[in-house]
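Me: I am new to this structure. Please show me how to read its features, one at a time.

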Amino acid sequence: MTTLPSQDEITAEIVDVEADARAKVEAGGSPELHPRRDYAPYRSSVLRHPTHELVRVDPEEIERFSPAFGHTDVNPLESDLTIAHSAEPIGERITVSGHVVDGDGRPVRNQLIEMWQANSAGRYVHKRDQHPAPLDPNFTGVGRAITGENGEYSFQTIKPGPYPWRNHINAWRPAHIHFSLFGNAFTQRLITQMYFPADPLFALDPIYQSIADPAARQRLIGQYDHNLSVPEFSLGYRWDIVLTGPKSTWMESEEAHD
Amino acid sequence: MTDVNRTIAEQAEEFDTIAPPELDQSQIGSARQGDGIQTPSQTVGPFFGYALPYEKGWELVPGHHPQAIRFHGTVYDGDGAVVPDAIIEIWQADSEGVLSTQLGSLEPDGYTFTGFGRTSVNLAGHFSFTTVKPGAVAAGAAPYILVTIFARGLTHHLFTRAYFPPASDAESAAHEGDRVLPAVPTERRATLISVADGPASYRFDIRMQGVGETVFLDFDD
Ligand SMILES: [Fe+3]
């Protein structure tokens with residue numbers, strides 16, 4: 001068994017990668033919008049990133065289309081994670097809402113959005129999660145929805161807790177919700193995580209920090225939005241999601257529809 | 001570069017005090033949407049197993065379908081060890097080369113072909129779909145299944161294509177005329193072509209890194 005690195009070692013590596021990314025921007029490069037695939041502070045990436053350059057490809061017909069999901073796939077009740085069981089889950093009730101759009105700001109409508117999360121104690125309903133925090137019999141932590149006409153979505157849930165993991169000694173993930181999205185083309189597929197404002201664990205977390213550009217990674221932080229808070233019921237967070245695209249052929253067929 | 005004598009808190013202050021950007025309430029939901037800058041990817045993590053897989057996600061057609069094939073493989077890491085916690089999605093045309101616009105992927109009814117499938121690998125890193133061999137989407141085109149790989153340790157998913165071994169001169173010509181296969185160095189091309197390993201069975205192993213590393217694709221926007 002190898003011994004785990006300390007937080008200070010991991011933090012020093014995080015700092016070095018960020019400095020490297022900043023130097024590249026100062027030298028005229030573009031900011032890194034996505035995480036590095038080879039990001040040593042996140043130890044699991046070391047043996048799991050490709051070492052060859054990705055082969056750049058013009059999307060063909062299959063890649064320009066996306067599987068279609070609809071109201072036959074998802075029950076509207078699946079966007080409320082607090083009503084899946086006989087009683088209320090324990091935790092701080094929150095509403096998470098936003099819009100899913102493509103790179104031109106156009107709504108991604110009628111597409112599947114999935115989310116999953118730990119409970120308020122930081123425990124997943126997953127047999128390999130051995131974090132000795134309590135399971136909540138009234139919380140599974142899985143939600144699904146179909147985006148609306150303006151790309152909008154909304155989930156009712158409880159705020160997830162931070163949880164420990166074994167990347168290094170005293171590694172804790174900041175509280176987060178996992179999101180999975182489909183766009184209008186399969187190339188727009190995205191899996192990501194939403195975080196909560198002002199989490200003290202941000203600087204220490206190699207998954208959040210795998211996005212070396214500070215402005216880019218802040219796009220993963222949901223904004224507290226008082227207008228979304230439901231009086232005497234829940235606190236509101238707004239989080240908008242921008243997918244890649246659009247692809248040219250899709251634009252044409254979209255215009256043909258209008 | 002890094003002063004190791006600084007406390008974590010001091011380093012944190014420099015790097016990510018970074019309160020999220022202050023946004024005018026009226027801007028929320030418009031400024032961010034309109035700027036066209038992509039939301040970054042994050043790893044799927046290890047704990048998706050109770051959330052993403054769904055019943056019969058691996059079964060695009062029932063096993064008794066006359067054209068059913070097994071499309072399967074094992075995922076390996078850079079040490080050649082199996083990856084026991086990946087999740088694989090496929091997207092493909094039907095046996096006639098037609099793309100489906102049918103809803104209902106999450107609730108397969110055993111009749112409608114939606115072209116989408118999703119399954120986790122097992123503890124031996126193995127995945128298996130029951131589907132049909134896709135037809136050519138255009139005359140002379142080489143058919144393939146689009147494969148997406150998510151896993152703990154993958155900060156961003158990987159895309160690849162699984163072509164089929166040519167069984168005729170016409171199919172060989174389709175491979176030669178493909179836009180991607182001939183552009184890939186010869187010694188790596190085989191990683192994009194599944195192997196017929198039994199009656200109506202095609203194996204497509206995925207090597208994330210190292211010897212025999214699968215060719216992964218990045219699509220131009
Ligand atoms: Fe997580």
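Me: Which protein donors hold the iron ion, and how far from it do they lie?

Reply: Start with the atoms around the metal. This is a predicted model. Here the donors are Tyr124(A) through OH, Tyr163(A) through OH, His176(A) through NE2 and His178(A) through NE2. They lie 1.9 to 2.2 Å from the iron ion.

Me: What is the geometry of the site of the iron ion?

Reply: Look at the angles among the donors. Four donors count as tetrahedral if all angles lie between 85 and 135 degrees. In this site the 4 donor atoms make angles of 90 to 159 degrees, and the site is irregular.

Me: How are the donor residues of the iron ion spaced in sequence?

Reply: Read the spacing as a pattern. Here the pattern is Y-x38-Y-x12-H-x1-H. One pair links distant parts of the chain: Tyr124(A) and His176(A) are 52 residues apart. Tyr124(A) sits in the loop between strand E3 (112-117) and strand E4 (142-146) of chain A. His176(A) belongs to strand E8 (residues 176-181) of chain A.

Me: Is Tyr124(A) buried or exposed?

Reply: Check the relative accessible area; buried means under 20%. Tyr124(A) has 1%, so this residue is buried. His176(A) is buried too, at 2%.

How values were computed: Residues numbered from 1 in each chain as written. Chains lettered and ligands numbered in written order. Predicted model: local features only at pLDDT ≥ 70, side-chain atom pairs only at ≥ 80, totals over all residues. Heavy atoms only, no water. Donors = N, O, S within 2.8 Å, 3.2 Å for Na, K, Ca; no water. Tetrahedral: all angles 85-135°; square planar, octahedral: opposite > 155°, others 65-115°. Helix = DSSP H or I, 4+ residues; strand = E, 2+ residues; numbered from the N terminus. Buried < 20%, exposed > 50% of the residue type's maximum accessible area, 1.4 Å probe, protein only.
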